[in-house]
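Take a moment with the sequence and the 3D view.

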Amino acid sequence: MPPSFAIYTLGCKANQYDSYSIARELTRSGWRQVDFDDRADAYIVDTCTVTCVADHKSRKIIRRAARRNSDAIVAVTGCAAEWAGPAIQEMTGAEMVVRNRFKDQLPAQLNQLYSQRLGQEMWQGCRDPLETTELPDSFWESLDGSALPDKVRFLLKVQDGCNKFCTYCIIPKVRGRSRSRPVKDIVTEAREIVTHGFREIVLTGIQLGDFGLDLEEGASAFLRLIEELAQVEALVRLRISSILPQDISPDLIALIAASPRICRHLHIPLQSGSDSVLEAMRRGYTSAEFLRLIDKIREAMPGLGLTTDIMVGFPGETEEDFQATLEVAQRARFARTHIFKYSRRPGTLAERLPAHVHEKVKEERSRRMFELSGRLSETFACEILGQPVEVLVETTNAATGFASGYTDTYVRVVIVDGADLQPGGTIEVIPTDWRGDHLVATSCETNG
Ligand code: 5AD
């Protein structure tokens with residue numbers, strides 16, 4: 001019986017790709033992936049430290065793993081492990097802590113530790129590590145559902161690290177400066193993914209706008225990457241994840257607008273609508289610049305789905321500043337908003353600023369922002385009601401008879417008579433209802 005492992009991923013899309021890579025390596029060397037709730041020989045927790053909430057959750061999951069099987073190896077990696085490895089080890093009793101820079105060596109280290117436990121040579125030792133082994137089909141079948149819903153949408157990491165230093169953010173400290181993968185490697189991986197049935201690729205990184213800065217080609221590599229990926233055969237959609245406003249060039253806008261496969265969806269983190277807060281955060285744009293940019297994007301891409309991150313309660317944020325954020329959000333007509341309450345991160349500049357906002361005030365602002373964002377989501381979704389939209393089906397459920405997928409503008413659509421649809425296929429439907437976080441449609445209402 002091959003040894004089993006389970007992996008839990010916290011935080012960003014980049015982590016989901018990292019976890020996927022670890023799972024792929026372990027499967028290649030003979031391990032079998034099981035559910036995190038099952039009994040496993042090894043549990044891997046890929047942690048996040050972007051806020052204190054993420055820190056807390058990371059530790060909770062590590063403890064949960066240890067409880068599930070006290071004989072299992074618990075291996076911890078990711079940003080919380082990078083920042084506070086020894087403390088985590090002490091608090092949770094995790095046996096292995098692997099720093100971010102050695103994350104790709106986690107599978108080899110786990111193999112070694114597991115072999116020592118068994119008192120054997122590297123248990124997979126008959127395999128030359130340089131020999132490329134085909135992944136067993138079971139790997140593609142066992143892919144973690146949360147990271148890769150039904151093997152339709154793939155989060156492809158193209159870049160890691162960040163060269164921007166927003167004053168609140170710990171990430172450059174735990175992930176280091178920006179590193180880009182070579183365009184050729186990324187395109188090769190994209191082709192492989194598509195042969196396994198994936199139909200959508202989400203370009204993922206910690207700071208996508210830094211892509212190429214460390215490559216010979218420079219910043220223009222990003223456009224070339226997108227152009228090449230958009231041509232991968234059998235790929236239906238290419239989605240670009242979070243990108244800063246100052247990194248969205250007219251050429252990028254023109255490229256997205258001209259390519260039918262590139263989704264009309266951008267995630268542009270606003271953080272705040274107050275210029276003094278934006279400056280204190282060192283975001284590098286003003287609210288007017290932000291709004292001007294999205295006007296330009298909308299002109300080129302009617303129907304654009306614009307999503308964002310907003311942080312409430314940054315040190316010094318007044319009620320007036322917060323009002324400015326509500327106003328800019330309203331004018332920007334965000335389709336979806338991730339709301340973060342400012343969290344002190346040790347060693348950041350913002351931590352030492354005066355006038356930290358009281359937790360109660362942060363909560364209240366977060367709630368008001370949440371109410372507005374719900375209304376904005378509804379407004380955006382209702383623009384689609386009664387109109388034909390193309391849905392890329394991701395999941396079907398025989399029990400409910402429902403299928404579910406997304407529009408290219410990133411609105412979830414539930415198709416109530418969709419049990420027979422194929423995940424990975426597209427269908428045109430006319431949504432008739434908005435249910436708070438998704439549209440509802442029936443497949444027979446297609447006009448095809
Ligand atoms: N406190 C709260 N939210 C934060 N983020 C980054 N650092 C912090 C922090 N110290 C949020 C930002 C970013 C998202 C990924 O995480 O909104 O866009």
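Begin with one atom of the ligand. A nitrogen atom of the ligand is 3.1 Å from a polar backbone atom of Tyr 168. Keep in mind that this is a predicted model.

Now look at the ligand's oxygen atoms. An oxygen atom of the ligand sits 2.7 Å from an N or O atom in the side chain of Gln 271. How much of the ligand does the protein bury? Taken alone, the ligand exposes 410 Å², and the protein buries 86% of that.

Next, step back to the whole shell. Tyr 168, Gln 271 and Asp 309 are among the residues that surround the ligand. Val 50, Thr 51, Met 311 and Phe 340 also belong to this shell, and so do Lys 341, Tyr 342, Ser 343 and Arg 345. By class, the shell has 5 nonpolar, 3 polar and 3 charged residues. Which strands each supply at least two of the shell residues? They are β12, residues 305-312, and β13, residues 336-341.

On the α8 side, Phe 222, Leu 223, Ile 226 and Glu 227 make the contact. From α9 come Asp 251, Leu 252 and Leu 255. This contact has 5 nonpolar residues, 2 charged ones and no polar ones.

A second pair is helix α11, residues 287-300, and helix α12, residues 319-332. Their axes come within 10 Å and cross at roughly 10 degrees. These two helices are therefore roughly parallel to each other. Ser 287, Phe 290, Leu 291, Ile 294 and Arg 298 form the α11 side of the contact. Val 328, Arg 331 and Ala 332 form the α12 side. Here the classes are 5 nonpolar, 1 polar and 2 charged residues.

How values were computed
Residues are numbered from 1 along each chain as its sequence is written. This is a predicted model: local features need pLDDT of at least 70, side-chain atom pairs count only at pLDDT 80 or more; totals for chains, interfaces and linings use all residues. Side-chain values use heavy atoms; hydrogens and water are left out. A residue is near a molecule or strand if one of its heavy atoms lies within 4 Å of it. A polar contact is a pair of N or O atoms within 3.5 Å; within protein, one must be able to donate a hydrogen and the other to accept it, and residues adjacent in sequence count only if both atoms are side-chain atoms. Accessible areas come from the Shrake-Rupley method with a 1.4 Å probe; for residues, only the protein chains shown count as cover. Helices (H or I, at least four residues) and strands (E, at least two) are DSSP runs, numbered from the N terminus. Ala, Val, Leu, Ile, Met, Phe, Trp, Tyr, Cys and Pro count as nonpolar, Asp, Glu, Lys and Arg as charged, and the others, Gly among them, as polar. Contact means heavy atoms within 4.5 Å. Axes are lines fitted to C-alpha atoms, for helices over the stretch in contact, and angles run from 0 to 180 degrees between N-to-C directions. Angles under 35 degrees count as roughly parallel, over 145 as roughly antiparallel, 65 to 115 as roughly perpendicular and the rest as oblique.
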